[in-house]
Every structure is written in C-alpha cells, then in structure tokens.
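Subject: A model for you, with notes

Hello,

Here is the structure I promised to pass along.

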Amino acid sequence: MGYGDKLDDIIEAAVARGDAPGVVAAVGRGDEGYVAAAGVMAVGGPPMQPDTLFRISSITKPVTAAVVLSLAEDGAFGLDEPVDRLLPELANRRVLRRPDAPLTDTVEAERAVTTRDLLAFTWGFGMQGAMFMAPGPWPIVSAAAERELGTFGPPQPDTTPEPDTWMARLGELPLLAQPGERWLYSAGSQVLGVLAARAAGAPFEDVMRERVLAPLGMDDTAFYANDTRRLATAYERRDGELAVSDPPDGQWSRPPRFPDGAGGLVSTAEDLLRFGRMLLRPGGNPVLTAGTVAEMTRDQLTPAQRASVWPGFSFLDDRGWGYGVSVTEWGYTWDGGLGTSWSNIPDQDLTVVVLTQRAADETGMPAVCEQVRTAMSS
C-alpha cells in the first residue's frame, strides 16, 4: 500500500510529542490493510500492540446502527413505525416547554417517536452543548443522573441498570424537544440497543454478535474485555497532567448490566477496519444491502433540524448526520470521546482507524487522530 513507513512515522511522532502514551492506527483499501502501533499501553507499562483493546466509546454508535438496520431489513420493524410496540415506555410522550424547565412544565408530544428518529438522533432526547454551559444543572440533567441512565456524559458500565429498568426510568422523563424537531446527541443509540434486543428476543450483545460481529470476524469486539491484559489503561488530562480514568481491571473488565449501544464497546484497530471495509464493499455484504448503507451514510438532517440549535457548543459542528455516523464533504466518520477515531473516505476506497487511550479534552481529540486521516487521504 505504501502507507507503512508513513503511518509508523506519524504515530511515533505523536507519542513523542505527548498526544497519548500509545497509539494504534490502521489503514485499509481494497483487500489490503496495515496496522501500526507505537508507545505503551500504560505509562510505565508494556509496549502498545497491534491487537491492543481500547474503549471505543462513541464509535459504538455506527455498529449499533448497523445492527438495527439489519433487523429492519429483515422486517423486525419499520423505520417509520412508531416504537411504541417494542418500547411502550416511550408511548404518549410529554415534552418540556423549554429544555431547562421544571420536569412538570410540559406539553404533549405532537407525534410518536419512530426508529428513524432514534437513528437520526432527532427523537427529542439527548445532549446539546447548552446543558453543559448552564450556570446550574437543568432539571432533566439532574433527573437523568439520579436514575443512573449514563446518558448525558461518558458511559458508566458499573452503575447503569439493566435494560428494562433503564427503559422504565427513561420513560419517567419528558423529552427535551418535539420528535423530529432537532438533533440531540447520543441517547438514541442507547435506546436502539434495547429496541434491537426486544425485536430479536435476545440480549443486545448476542444480537450484535450474530448480525454484525461474527459475520465480519470482529472477534475482539465486545462490551467488556475478556482478557484485561490486552486492555489499554484509559487516561484523561486533569490540571495539565495525565490521570488514570479507568484501569484494565476497571469498568470494562466484566460484563455490564446494560450493554450501551451509544458508547459501551471495546475493540481493536483490525476489527474496526473490518467494519469500515464492510460499509465500503459493494452491497454492504454480508451485513447490509447497498441501499441501506447509502441511507446510513447520507445526511439525514433537514435544514430546519440543523437550524434548531440551542446556544452553546455543538457536538456536530457543521457536519451532517446519517445513522450513527457524521457525514462530511469527504465521507463519513465518528470519534470516541475516550480518544478514538474511525473514518471512511468512499471516493478513495479508504478506511482509517486511530486508537489512543487519552480522552478528548478542552483542546479536542488527540491531534494524531486528524493527522493520520489527513495524511493517509492526501
């Protein structure tokens, strides 16, 4: 491919300048792929390996979307069917008059929530920058935290309750916006995991394994690390210094009660390369049809939905949104807030994966994520 030396140089330089203690990156085109590793799995720890496991957080979202779309293709539900049949907890929704209103200050939802709403993050519930910039926590944010929903922040495998309890607690809360009104980040993927499990009559992790992971040979992808010796230590910056946010024997070392379809997976560069190649393969074989891949990876947002943004930073910026992926002028992509990035560039038949164990901070993602994608696609 001609990428090997170039990729090695980029990630070794990134480790040297302190982007993260370690990096694993992968590039795929056609039937060829290359995986490179640099640095260490933990500060003072063993060398990073090509098959090191990482908490991929929000890169879970496109995998969840593929599971749900596969079920829809088989007729388990319609994308424009109200979700009430499988998710009665979301029937007859109330909607806050304004996002920071008391939980009792609501109006009726103008229509039912559909699976398409959940996939496109336009169902009326989720994160937006304004809630994090408010002088005090909005009542809806406090209520979600009290119910341990893990929905307005990073995944919390140790405390999030099992799926039926999670759905019941979510159903106690009003929506922040009318269904179809605006884009709100993340929570839709959590709900999709419950929807998929109920539609298939099996735990979400089993449905994901059957429909996506096993057909693609993604044997190292799961909701916890079966072999914690392969799991990189997770870090975040606190007061300018690296601090451990999750050790190998931490939250991802055992099966969670709630398999979080928004951010719960651990995976490897090779597995994510396999997932990316499936979407670029003619027909999405063996997981999805070509038409479904096209819908998943095109911008689903209307101008009105894009314009409906409360003041504050946007998780989407100027990008579009498909189903589980952001859509850009060059392709589609998404990042994991714990330090990972995955991109497909269709006109170059190119998949790029960059995995680090340092979480995004006020400066954004580790610089190596964007640097590798730019270098490999130029």
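Which residues line the largest cavity? They are Pro155, Gln156, Pro157, Thr160, Pro256, Phe258, Asp260 and Gly264.

Before going further, a word on conventions. This is a predicted model, in which local features need pLDDT of at least 70 and side-chain atom pairs count only at pLDDT 80 or more, while totals for chains, interfaces and linings use all residues. Residues are numbered from 1 along each chain as its sequence is written, and side-chain values use heavy atoms, with hydrogens and water left out.

Cavities and pockets

Both terms come from a 1 Å grid over the protein atoms alone: a cavity is a set of points where a 1.4 Å probe fits but cannot get out, a pocket is an open set with protein on both sides within 12 Å along at least five of seven lines, and lining residues have an atom within 4 Å of a point. Grid points are joined across faces, edges and corners, and a volume is the space filled by probe spheres set on the points.

The structure holds three cavities of 30 Å³ or more. The largest cavity contains about 50 Å³ of space, and its lining has four nonpolar, three polar and one charged residues. For these classes, Ala, Val, Leu, Ile, Met, Phe, Trp, Tyr, Cys and Pro count as nonpolar, Asp, Glu, Lys and Arg as charged, and the others, Gly among them, as polar.

The second largest pocket has a volume of about 220 Å³. Its lining is made up by class of seven charged, three nonpolar and two polar residues; among them are Asp31, Glu32, Glu270, Arg274, Arg277, Arg281 and Asp349. Helix α9 (269-280) and strand β2 (32-39) each supply at least two lining residues, and the largest share, five residues, comes from α9. Helices (H or I, at least four residues) and strands (E, at least two) are DSSP runs, numbered from the N terminus.

Salt bridges

A search of the whole structure finds 25 salt bridges, each being a side-chain nitrogen of Lys or Arg within 4 Å of a carboxyl oxygen of Asp or Glu.

- Arg17 and Asp19 meet in a salt bridge at 2.9 Å, N to O. Arg17 is partly exposed, at 42% relative accessible area, whereas Asp19 is buried, at 8%.
- Asp51 and Arg230 meet at 3.8 Å, N to O. Asp51 sits in the loop between β2 and β3, and Arg230 in the loop between α8 (204-216) and β6 (234-238), so this pair ties together parts that are 179 residues apart in sequence. Asp51 is partly exposed, with a relative accessible area of 39%.
- Glu236 and Arg238 form a salt bridge whose closest N and O atoms are 2.7 Å apart. Arg238 is partly exposed at 40%, and Glu236 is partly exposed at 29%.
- Arg97, Arg98, Asp100 and Asp105 are linked in a network of salt bridges.

The loop between β2 and β3 (54-55) also holds Gly45, which is partly exposed at 28% relative accessibility.

Surface and backbone

Phe132, Met133 and Phe313 make a nonpolar surface patch of about 310 Å². Patches are made of residues with over 30% relative accessible area and no salt bridge, where like charges are joined within 9 Å and nonpolar side chains (Val, Leu, Ile, Met, Phe, Trp, Tyr) within 5 Å. The areas come from the Shrake-Rupley method with a 1.4 Å probe, and for residues only the protein chains shown count as cover. Met133 belongs to helix α4 (residues 129-133) and is exposed, at 54% relative accessibility.

A few backbone details may interest you too. A cis peptide bond, with omega about 5°, joins Asn285 and Pro286; Pro286 lies in the loop between α9 and α10 (290-296). Asn92 is not a glycine, yet has a positive phi of about 55°. Asn92 lies in the loop between α2 (60-73) and β4 (94-96) and is exposed at 74%. Asp317, not a glycine either, has a positive phi of about 55°; Asp317 is in the loop between α11 (303-307) and β9 (320-321) and is exposed at 53%.

Terms used: Buried < 20%, exposed > 50% of the residue type's maximum accessible area, 1.4 Å probe, protein only.
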